[in-house]
Structures are given as structure tokens and as C-alpha cells.
Amino acid sequence: MDDFKNNLPESDHTGFAPPQNDATPTSTPANDAAAASAANPFQQPAPSADATTTPPQPETPPSFSQTPPPFQQPDFSLNGQIVGAKSKKKMKGWKIAVISVVSAVVVLGAGTGIAYAASDTVKNFAKMNFSSESDYYQWVIEKNTKDWGRSVSDRYDSSLSRSKEEPQSNLSMNITLSEEGQKKLQEELNSDVDTDETITLTSAAIAFSGKAEADKMGGTVTITLNGEDVLEGNVVADVNNVYLQIPSVSDQYLSMTWQDVETITEEETDLSDEFDSSIDSSALNSSSLFLTPEVLEDRISPSDLNSMFQRYGEIIADSDATIALLKNQELNIADTTFSYTALEATYQGDELKTVVKELLEEVKEDSTISHYFAASDLMTEDEFQSNLQEALDNWNDTTVTESATVTLYVDPTGTIRGCRIADPDDADSSLLECYAGKDGKQIGVYFDVNGLNVSGVLSEGSKDTYSGTITVALEENSVLLDLEDFKIVDDKRGYCSGSLTASTEDEPNLFTLSLDSDGKSQTFSVDWAVGGTNYATISCTLSTDKGDDLALNIPSDSLDLSDDATKDAYFGDGTQTKDCLKKIATALGIQDADNFADSIYDEINGGDDLNTQSSDSDIATLPADSDRPVEDGVETEVPTDTTDTTDSSDNEQRIDADLSIAAITYNGGKLFRFYENNMDLIKLVDCSVDPTIESQDYNWYSNSDATLTLGLENMSTSPTDAQACNIFEVEVYEGSPSDIRVGVVGIGSSVADLEAQFNVDIVPEAETASSYVVSIYDTVSNGQKAYSFYIENGKVTAFDLVDYS
């Protein structure tokens, strides 16, 4: 504001100062009348001496001497002569007066209108200096809420239009390994997989493309290794089903209902305890599933948004509060000072209660908001009304005694650049403080709430780029974010370029995030470095396009994933699956791609169909109590069983074999791995008896009938919830709540199945042939991993799988 005042004529910085001439005109009746007329063109002429009546007198015109306008009328003449004008005949005084008045009104009115309309700075100066503090506060609130409403609605409208023109969204993620990264990957593969093959992986990528239409949505996914596409998938969904196709494996589509998706999501993420359902399949419809621009616009339109800002802004602007105007308030951001005008609004208890009540009443009657909730299936309009009425009733019953002070920081154009909410218990403290400032080529930002503080200054460089440091602090921890050459490339899409380096006190260069955009897409990339060694560069690219090449077609025929027979029908004899694996192996530079593909297929498939069940329904009874393993001196309780069995613990047949040839699966084919927190299985046992496991300790937990027992180990450095620990042992008995299998071997499998799975011969002693234990010790881990199978009358009745490696 000082800059504005300094640009005013030096003769008077506070008001209107008419141009002064050195020569004083002679005082004559004609000149005096003309001057009076010029000063007030609406003044009636003085009555003549012989007038019999006195004409009505006009109201006194407003005087500018008390509250002058914020500018000085420029003098366009040189010594009274209009510049560039030709000499004309002299006119009589009254004509000069009339023309002068008309000219003054036109020039002054037009000039004032143009200047006033063109400059927010002039408007703000006039409102601030010639209005009351309350009126100025009201004007600032209304101006800014209108500006915000227009800005937000314009951006929203632009976003909707762009989504209609470019409905397809694309996302790709890429990892490029350095030489060190490739060496590290090879070391890890050699330690986990028993192979001498050399794998070459310089880059890997996965790309998604998708869009939504009125009644369906879908997209494609492509996996790339070393620049070669090795696997593709197509997904499409309507309101009833989700369809998946993997062309390199089969042309057939697999399908599942949204109810199946709901169940799988709950099982895999274990959300059932926290939420009734992660996906409410019963409430799904086209408008809730397929968020097209038309659906979003129906929920809330750009004009609705604009109207909301103005309506709620008017309520705040018209509210009663004590307003204080504080000029030239200095705000310090990272050692840089910015100057603003502060508007301090203090609401007493009853005033605060009134404005909140008015806002709640407006929300309750706001059809835009209620329609949005109803159209989004969040709640019905009746529920919305009921909830708001309840909130109103509660607020009306609330006694508000504390005052609230909100300070707005206003720049010379009348734009709000920040705010502060004072702590009612301590006026010197703030519940919230945030502002942004621009001084020349410097931009400052400051934000502080609840212990989180963000502050920094960016300096403008060449070509609209900014560089500087922003500090993010939370309690005693802080991170420095160094921005270099930051630039907005596409304001509508939010695409930008530059780099951001994060640093802490312990890690001077934690990571650097690079931003790049060609105006058509946005790429983020970061180097993955550990201990100063760069192993890889990870990048992500986002873009949109018209999507003309992506056709969404609901298949007329598909295989139901919930059907047990689907797997055989989909994979057939495995030829296409092996071809797909061979393509992957070739892309990785593996020399013997055929053999590699066969071995991976066998490992995944357990040497046979994972869903194969023993056709023999003659399943023997459970072992007696003495047959169960004893853990920590405590024998696990088993279901009541009257069958007379032989103590098989004294009749163990030990065999050495490679256990990795048999994958452990559960629930019809899901892969199990030791030392993972497999909640699918952990949630089946009762951990409430001993819910916590001490650091580096372990314990065993069973289900209610002891048909499933899990050994859980806490490998962390502090006591941990048992359900958060990893599984190192699994004991399975007849009636187990999960169908756990080792390759093809499960409860009820024959000895022949066991022999075929591990390519071994099992020959029990004649006297114990009806009841014995087969223990297979892993040759790869030197016996640290072992599987024990309890055999009754030629059938597997229980087994114990343990990994101490």
C-alpha cells in the first residue's frame, strides 16, 4: 500500500488536490458564477432580485473535502492551452463554464470508471480508506469468496471438459537397474533359486490404460522386461461382473461377481474386523462404479460450486464481529519479510454461536450438498436432513462462552493471502497460521498447525522457474526440501518440471525426485540408493488421451472363477502357460529357456493340478493324543477319538529329498510361504489366550478343535501382537478349516501320492505298516526344513510342516 501512496502526487498523499495555477483569476460576478457552477453543476441559479417566490433548494451535494478520492485528476494542459489544439475564438464566460462542467463530468466519470474497474489495487485502497472497518471486512470476504468460486468452478469445468475429450488415463511404472543393481539381483536370485542360469535384467515396466463409460469400465495392463512385452492382460467390468483375459495364456475370459471381489478383498486385506465390507456389492450401480464426467457433473456442476462459495461467503461477510484494521503488518517467512494489511475479526460467544448456526441452517437447506450425498450413495436426502437437524439441535443446546479471533492478511489488491486463528486460551498462540507472500521475484509460504510447520521462500529465475528451500518440521524432526528450477508446464493439468531433493540432519541427500513434462504427460523419477550405491532408477509417468484404440467389450462367454473345474478348462495341458514362461525366460536372457519354463511351471503347479483331490473317500481317523507333537512340554489337545491307533512317533521313517519341488498351497491353490504374516491362516486360530509374543520368541496357537495349529515367531526387537508375527510351522489334522496341501498331498492322500510327489520309495516295517510317520528332511537347507506325514492304514491323516532355516 505504501508503494501505491508513493506513486501519488507528492503534493498530497492523503486526498484529492486540484491543480494549482500561479496566477490568481480576477474575482468578477461572471467568474464567480462560473466557478460555482463548475464546483457544483447541479446547483440551481441564484434567484433574481425581483423574484416573488423562492425555488426549492436541492440537497447538499457530497463534499469531497472530507473524504477525498484516492487519485489526483491529471492536468492535460500547458499554461491553460490544450496540447495540440488549434487556436479558437474566445467564448463568453457562461459558455466556458458549461463546456468545462460537461467536459469535466465526462472525462472525470469515464476516467474514474476505467481506473476503478481496471485496478483491484485502486478498489482496495478506496474500500480500505473510505469505508468503515466492518464494511471493508465484508467487502474483502465477498470479493475473495466470489474470486475463489469462479476459480474453483472454472478449473472444475475445465477438468470435466478435458475428461470428456480425453477419457483414457494412462499410468506406467518403470525400473532401470544400474550395474550394481543387476549384480545384486543376480546374487539374490542365486540364493533363493537353485540354478546356475544367469539372468539379465536391465529394466522392467508395467503399464496400465483404462477408462470408464456409461455402463462399463476397463483397461489393459502390459508387463515389459528389457524392453520386450512379455505379458498382457485385459479387464472389463459391468455392474454385475468383472472379466479378466490373459491372451498369452488363453483367449478365454475368466469372470467373477462383485460379491466374489468383495469376499476376496476382505480375506486378502483382513478388513472384516474394521469394516462391514470393503466393497458393498449390493449397493453397486452404474453411477457409483463408472465415474464418468457426466456422472460427476450430475453430482455437482461447476455453477453449483460457484454458487456455494458465494452463498457461504455472504453469511460470513454479514456476520457480527468486532473488526480491527491493522496496516503494514510484517510477516516473516524464512528470514524474508512480507508486508500486509491485517483484518482482525473477533467473535464473542453469542456472535460465534449465531454465525455457526446460520452456516448449519444453510447447509441443511442446501440442495446442492444433499443431492451430492444422495447421488454418491453416501446417504439419502432424508438422512442428510435428519443428520443436519440433529447437528443444529445439538448446537442450539450448546453454550458458547469463548471468543474466537480470526485474522486475515490482505494484499494491496484486496486478495486474502493468509489467515491466523488465535488460541482462545492463549491469544499469543495460534491454532492455525498460514499465509503466502510475493515480493518482487520471491514467493514465501508458511503453514503451522498442531505441531506441523512448513515454511520456505522460492526465488524466481529465468523462464518462470523457481528455486529455493522449504522446511517441513514436526515436533523435533525436520526435513529440508530443496526445489530447483521448478516450473508449471501445464497449469490446467498441473504438469510441472524441476527437481526436489529431501535432506535430514542424518541424511544430507535422502533422495532426489525429478519432475519432467513435455506438456502431454507427467513423469516422476527417483534414484534408489543405499549406502551411497545407486541400484536403480524408478519412474512413473501419467497421461490422458482420447482412448480411441481402447474398446470395452463385455464377453459373451467366460469361465467362472468360483467353479473348481475352471482351472483345468482354462490352463488345459499347460502348453500356452509354458510358452508364456518361455517368452519371459527369453527376455531375461536365460540360455535354456525351455527347461527354465518347465521347472517354473512345475514349481508353480506343484508337479500336477493344484486342485487335484484324492478320489478315495476312506479317510482314516486322527492320531491318538500320544501321536501329536509335544511343544515346550505341553501336549496339544486333540479332538475326541475312540479309534485304537498305534504310537507312530516310535515308528518314523526318515527320508532326504528336495522339498522345493512341492509348493505348499491352501484354500484351493493360494501359495503359502514360511516366515510370512499370512492372515488367511492366522485368523483361523485363537491368539487371545497369549496375544503377545516377546522379542525373538515364539509360540503355538490352535483353532477351537485343534485341527489346525500354527507356530508363530516374533523376529522383531520388541514385543509384538501374535497376529502380526510370521508362521514357521503348520500342523494339519482331519477337519482343518483350510485345505492345506503339499503339492498334491493333503489329508486323505495315499502313500502312493506321497511317493510320487517327492519321487521316493516308502517301505514301512511290517509290524507298523498300519500306523507310522514319514519324515522328509530337506537336502537344500541341510535338514532345517522338514515335513512329517502321519500315515494310518495307507492314508495321510495329519502332517506337520516346519522351517527352522
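How exposed is Lys578? With a relative accessible area of 27%, Lys578 is partly exposed (buried is under 20%, exposed over 50%, partly exposed in between, using a 1.4 Å probe and protein chains only).

A few notes while you have the model open. It is a predicted one: local features need pLDDT of at least 70, side-chain atom pairs count only at pLDDT 80 or more, and totals for chains, interfaces and linings use all residues. Residues are numbered from 1 along each chain as its sequence is written, and side-chain values use heavy atoms, with hydrogens and water left out.

1. Lys578 forms a salt bridge with Asp598, and the closest N and O atoms are 4.0 Å apart (a salt bridge is a side-chain nitrogen of Lys or Arg within 4 Å of a carboxyl oxygen of Asp or Glu). Lys578 sits in helix 15 (residues 575-587) and Asp598 in helix 16 (residues 593-605), 20 residues apart. Helices here are DSSP runs of H or I with at least four residues, strands are E runs of at least two, and both are numbered from the N terminus. Asp598 is partly exposed too, at 32% relative accessibility.

2. The whole structure has 17 salt bridges. One of them pairs Glu166 with Arg493, with 2.9 Å between the closest N and O atoms. Glu166 is in the loop between helix 5 (133-165) and strand 3 (168-177), and Arg493 in the loop between strand 17 (477-490) and strand 18 (495-503), so this pair ties together parts 327 residues apart in sequence.

3. Have a look at Asp366 as well: its salt bridge goes to Arg311, the closest N and O atoms being 3.1 Å apart. Asp366 is buried at 3% relative accessible area, whereas Arg311 is partly exposed at 22%.

4. Helix 11 (residues 349-364) and helix 13 (residues 381-396) have axes that come within 9 Å and cross at roughly 170 degrees. That makes the two helices roughly antiparallel (under 35 degrees is roughly parallel, over 145 roughly antiparallel, 65 to 115 roughly perpendicular, the rest oblique). Axes are lines fitted to C-alpha atoms, for helices over the stretch in contact, with angles from 0 to 180 degrees between N-to-C directions.

5. Seven strands make an open, mixed sheet in the order 25-34-35-36-32-30-29 (strands pair if DSSP finds at least two bridges between them). Strand 25 (652-657) and strand 29 (698-702) are the edges. Strand 29 runs antiparallel to strand 30 (residues 708-713), joined by five bridges, and Ser702 stands opposite Thr709 in strand 30.
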